[in-house]
Amino acid sequence: MSTVIEMENVSKVFGKKRAVHSMSFAMERGHSVALLGPNGAGKTTSIAMMLGLTKPTSGRVCLFSGDPKSATSHERIGVMLQEVSVPPRLSVRETIDMFRGFYPKPLPTDRLLQVSGLTEDQKTMAQKLSGGKMRRLQFALALAGDPDVLFLDEPTVGMDVASRRTFWDEVRSFLRAGKTLMLTTHDLQEADMLADRIVVMQNGAVIADAPPESIKMQFGGRTVSFVAGPDIDFERLRMLPDVTDVQTVGRQVTVRTQNSDALLKTLILEAWDIRDIQVHGGGLEDAFVRLTAEGGESQ
Amino acid sequence: MRATLTYWKYELIRTLRDRRFFLLTLGMPVIFYFVFINQQGGALRIAGTFWSHYFMVSMASFGVVGSSINTLGVRLAAERQSGWVRYLRTTPLSSFGYAIAKILTQLTLSLLIILCIFLVAHFSQNVSLSGGEWLTITLWLWIGSLPFAALGVFIGLTGNAAQPLGTLMYLVASMLGGLWTPIQALPSVMQTIAKWTPTYHYAHPAWRILAGQSIQASDILVLLGWTLLFLIGSVALQRRIDTKVQM
């Protein structure tokens, strides 16, 4: 009963365009998944099917083991979508109160205003909010029903740095309460920070699905950098096993590797003429770029 | 149910803050009533009743048609285009609940418009009817407004065209249906056209009640026909949108 979302061999075709292709995916309660992929990879369509906004062409989609369209399953979720503007002639507070009226056990209005940082704007007409504040209002609307699961589609687009920080803090405290998050984003730092599982989509299919650390390890690799002494043999360095790339700036050398442990052992045991060694983990961005480039070639 | 009632409440709050609603949808029929009554004199006899009574029904009908098209139709189009309707579908407010809330809102506004025009006519022109007559006319104009709600939904699905198409339908249907100038005063070609409009068949039973006559089945049948047409049109438009939408 702890499966929140389940997709079984799901495909979605619009006219001649195949948006999602035999996707299978399951998500357990208490996890936070970031769905990544280049534009047009099928992320938004997948989310739309999970929410019951779009019917799959074939395959099965379940939300809380039931129909994603049912109102009872919607009582337990909160959603931020892209490109939504709120209706005119209601204040921020009224818009929040309206949403609270949709749910059986809503959170208090003042709490929602505070969480979204809109307490001072509560009397402003909601439609007049700036882009960043509008996103924050939608975050308040997503939390209005005290949901078990949050679906956030590009939540921080348009937010300034400070709002972003507050937003991430709020999402993290939401997750600490044992709740579930489904996130799509272009901001890889955001994905890395909030998700315990990264799902990468491309051309309508899942091409990677693992915790951020292992995705970074597997596809991002590591870099070992050091200052090279006069005796160093760059030709041999490039030929060492595990070395994928060598960059030099003056005496400063940066070596990219899939296995930094083995490389370091070699460098030290063979007493290479180097000093000031530093090891860096490859970022998620690195991994992402590699992954989607490889996926693109195989298509 | 909770979600539907909540949405209904906030729809009404939004309408009460809408200047356009008061100036145009409610204001126009009230102003027209004063202008046209003063031109002809309210005591003029027409279709078995007085001009002040007859034109009260005309303007109540005009107001209700206007709010169905402008408030329901144009607002629906705006809410669809802004992504709001799609967003609401992720909440416990179902598509069905949303539709019910919209219909409840429209019925509330129609009743408000009918009562406003009646009060204006009663206090400015001393229009007085028996309790039973007031009640039947009000009920007819209220329930009979549902075909125009269906028209509003149809217009709401036309996207960018909603505003111009809505205004056109509002004015043309009101004029052709004899809500501005009684069809008795129009050439016979226009009279024949009027008898095919939903607006004429909406106001006609109420005019008959004023003359002490009863509601005819033919009026109800024509209105049902138009309702069916608007609903079929709406379903067809919705199908086209569903197959076109790429997301």
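The legends below walk through several close-up views of this predicted model.

In this predicted model, local features need pLDDT of at least 70 and side-chain atom pairs count only at pLDDT 80 or more, while totals for chains, interfaces and linings use all residues. Residues are numbered from 1 along each chain as its sequence is written, chains are lettered from A and ligands numbered from 1 in the order in which they are written, and side-chain values use heavy atoms, with hydrogens and water left out.

**View 1. The two domains of chain A.**
Let's start with the overall layout of chain A. The domain assignment gives domain 1 (3-216) and domain 2 (222-281); such bounds come from an automatic or database domain assignment. Between the C-alpha centres of these two domains of chain A there are 43 Å.

**View 2**
Look for 3 strands in the order β2-β1-β4 (chain A), paired antiparallel in an open sheet. At the edges are β2 (17-28) and β4 (58-63) of chain A, each pairing on one side only. From one strand to the next, the twist averages 20°. Strands (E, at least two residues) and helices (H or I, at least four residues) are DSSP runs, numbered from the N terminus, and two strands pair if DSSP finds at least two bridges between them. Strand β1 (residues 3-14) of chain A is joined to β2(A) by 8 bridges. One place to look is Val13(A), whose bridge partner in β2(A) is Arg18(A). Helix α1 (residues 43-50) of chain A packs on the sheet and touches β1, β2 and β4 of chain A, and its direction makes about 125° with that of β1(A). Axes here are lines fitted to C-alpha atoms, for helices over the stretch in contact, and angles run from 0 to 180 degrees between N-to-C directions.

**View 2. How covered is helix α1(A)?**
Of the 8 residues in α1(A), 7 are buried, so this helix is mostly covered. Buried means under 20% relative accessible area, exposed means over 50%, and partly exposed lies in between (1.4 Å probe, protein chains only). Among the buried residues of α1(A) are Lys43(A), Ile47(A) and Met50(A). Just after α1(A), you can find Gly52(A) with a positive phi of about 80°.

**View 3. Met125(A) and its neighbours.**
Find Met125(A) in the loop between α4 (109-115) and α5 (131-143) of chain A. Met125(A) has a relative accessible area of 29%, so this residue is partly exposed. Leaving aside its neighbours within four places in sequence, Met125(A) is in contact with Arg89(A), Leu90(A), Ser91(A) and Arg17(B); contact means heavy atoms within 4.5 Å.

**View 4. Thr4(B) in a helix of chain B.**
Now move to chain B, where Thr4(B) sits in helix α1 (residues 2-16). Why does Thr4(B) count as buried? Thr4(B) does so because its relative accessibility is 7%. Leaving aside neighbours within four places in sequence, the contacts of Thr4(B) are Leu93(B), Gly97(B), Ile100(B) and Ala101(B).

Side chains of opposite charge can pair when their charged atoms come close. Asp169(A) is partly exposed, at 43% relative accessibility, and Arg172(A) is partly exposed at 27%.

Arg236(A) and Glu270(A) meet through their side chains in a salt bridge (2.8 Å, N to O). This pair links distant parts of the chain, with Arg236(A) in helix α9 (residues 234-239) and Glu270(A) in the loop between α10 (260-269) and β13 (274-281) of chain A, 34 residues apart. A salt bridge also joins the side chains of Arg275(A) and Asp276(A) (3.7 Å, N to O). Arg275(A) is exposed, with a relative accessible area of 52%. Finally, a network of salt bridges links Arg89(A), Glu11(B), Arg14(B), Asp18(B), Arg75(B), Glu79(B) and Lys102(B).

Key
A salt bridge is a side-chain nitrogen of Lys or Arg within 4 Å of a carboxyl oxygen of Asp or Glu.
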